[in-house]
Amino acid sequence: MIDQERLKNLLIELIRIDSLSRKERNVAMRLKRELEELGAKVWIDDAGEKVGGNVGNLIAHWNGDAPGARPFLLSAHMDTVAPGEGVVPLLEGRILRSDGRTVLGGDDKSGVAIICEVLRVLTEKKLPCGGIDVVFTICEEAGLIGAKCLDVSRLRARTGLVLDSDSVGFLFTRAPAANRFEFLVHGLEAHAGVCPEKGISAIQIAAEGVSRMKLGRIDAETTANIGVIEGGVAVNVIPNAVLLKGEARSHNEEKLAQQTAHMIRSLEEAAARRELKLTGQVFRASVEAKVERDYDRLDVSDDSPLVRLVRAAGKNLGVEISTQATGGGCDANVFNKKGLEVANLSTGMREIHTVKEWLDLNDLYLSARLVLEIVRLNATGST
Ligand SMILES: [Zn+2]
């Protein structure tokens, strides 16, 4: 029932509309028109103003003709990562890719296009279905901040799917919680040639601290990274400040807290080894640590009605559904934190966040059939 040509054409049209994070307005307006044509009631929320973007999250209520059926959420994000402007989609057989200068933007326009096609089929074929709430978020790639601003009391559905991952049949039900860090290391400025003994090098302290940190893969559930380092003004000045930015993630809250404390302690110990007495005054190096919760854990049980529903739909189509844990966060983490039960279903996107990104249209079509079967089964309430 999925119209493959129509789905492919919509995906290519969406890919051609630039929509870097905070600049999703043009794609949002195109989607608003699409959903209104299908009889949905569409709003744009105030998330755009809150995050400094040119449009908010798009929320739509589509009413099915089986009013007793459980409402269901379908969500995808409208923004893409850089380089993502002026994308030229190239179709080679079944494989859609960019021309190599930009990402393709199948992350996550494949999810957006699938949702639109499924609603179109439901509308045209008048298939019995409960209400569907559509949420197309902004700024997922900027730290899930569109979803964080979303007022979920506007949704009728308490359960559903985010369509934002790769291999067909994969259902991501577990994802880590993440902390984001900024560490500002303070030293003491001095002329590097004339009086280096009057200085404390913030770069040296940062280097010592970072070299003592456990980073990378900590264990099966936990990862950590220092991703940005900025500091120093000139080669002949002992630097008095270095800024480090990093993160830690874990599927286990206790391990995340331990790793966070370990990273702060490594820097503080390095700083504590440096103090200087100058004309009776004591100067100490110091570390200012800013820790922010980036997002919370995603953990949908294999026994949940949602997983059972997706498995049953997969079975009907001969697609084996495999529940997966990921090391990445997505809007589903945020929806679950806000009290919904949402997992992340794949769309066929591949090698995302690179200019080599590609997508096999057969995967896209199969994902769309799977989503259609999920909402159809959901309406029957039989799982
Ligand atoms: Zn994505």
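Predicted model: local features only at pLDDT ≥ 70, side-chain atom pairs only at ≥ 80, totals over all residues.
I take buried to mean under 20% relative accessible area, exposed over 50%, and partly exposed in between, with a 1.4 Å probe and protein chains only. Residues are numbered from 1 along each chain as its sequence is written, and side-chain values use heavy atoms, with hydrogens and water left out.

**Entry 1: aromatic pairs**

I paired rings of Phe, Tyr and Trp (its six-membered ring) if their centres lie within 6.5 Å; planes under 30 degrees apart count as stacked, over 60 as edge-to-face and the rest as tilted. This rule gave me 2 aromatic pairs. Phe 170 and Phe 172 are edge-to-face, because their ring centres are 6.1 Å apart and their planes stand at 70°. Phe 170 is partly exposed at 28% relative accessibility, and Phe 172 is buried at 10%. Phe 181 and Phe 183 form a stacked pair, with 5.3 Å from centre to centre and 20° between the planes. Phe 181 is buried at 1% relative accessibility, and Phe 183 is buried at 0%.

**Entry 2: helix 7**

I took helices (H or I, at least four residues) and strands (E, at least two) as DSSP runs, numbered from the N terminus. The expected span of a helix is 1.5 Å times one less than its number of residues. For the 20 residues of helix 7 (residues 253-272) this gives 28 Å, and the end C-alpha atoms are 28 Å apart, which agrees. I listed the buried residues of helix 7, among them Leu 256, Gln 259, His 262, Met 263 and Leu 267. Their cover includes helix 6 (202-211), strand 12 (222-231) and strand 14 (241-250).

For polar contacts I required a pair of N or O atoms within 3.5 Å; within protein, one must be able to donate a hydrogen and the other to accept it, and residues adjacent in sequence count only if both atoms are side-chain atoms. At the start of helix 7, a side-chain oxygen of Asn 252 comes within 2.8 Å of the backbone nitrogen of Glu 254.

**Entry 3: Thr 222**

I found Thr 222 in strand 12, buried with a relative accessible area of 1%. Its side chain makes a polar contact of 2.9 Å with the side chain of Ser 250. Leaving out residues up to four places away in sequence, I noted contacts (heavy atoms within 4.5 Å) from Thr 222 to residues including Arg 217, Lys 255 and Gln 259.

**Entry 4: nonpolar cores**

I defined a nonpolar core as a set of buried Ala, Val, Leu, Ile, Met, Phe, Trp, Tyr and Cys residues joined through side-chain atoms within 4.5 Å. The largest core has 90 residues, of which Leu 122, Phe 136 and Leu 161 touch the most other members. Helix 10 (residues 361-380) supplies the largest share of this core, 10 residues. Beyond four places in sequence, Leu 122 touches residues including Trp 62, Cys 129 and Leu 372. A second, separate core of 25 residues includes Leu 188 and Ala 206.

**Entry 5: cysteines**

Which disulfides does a search of the whole structure find? I found 0, taking a disulfide as a pair of cysteine sulfur atoms within 2.5 Å. For Cys 129, the nearest cysteine sulfur belongs to Cys 116, 15 Å away; Cys 129 is buried at 2% relative accessible area. The sulfur of Cys 139 is 8.3 Å from that of Cys 149, its closest, and this is too far for a bond. Cys 139 is buried at 0%.
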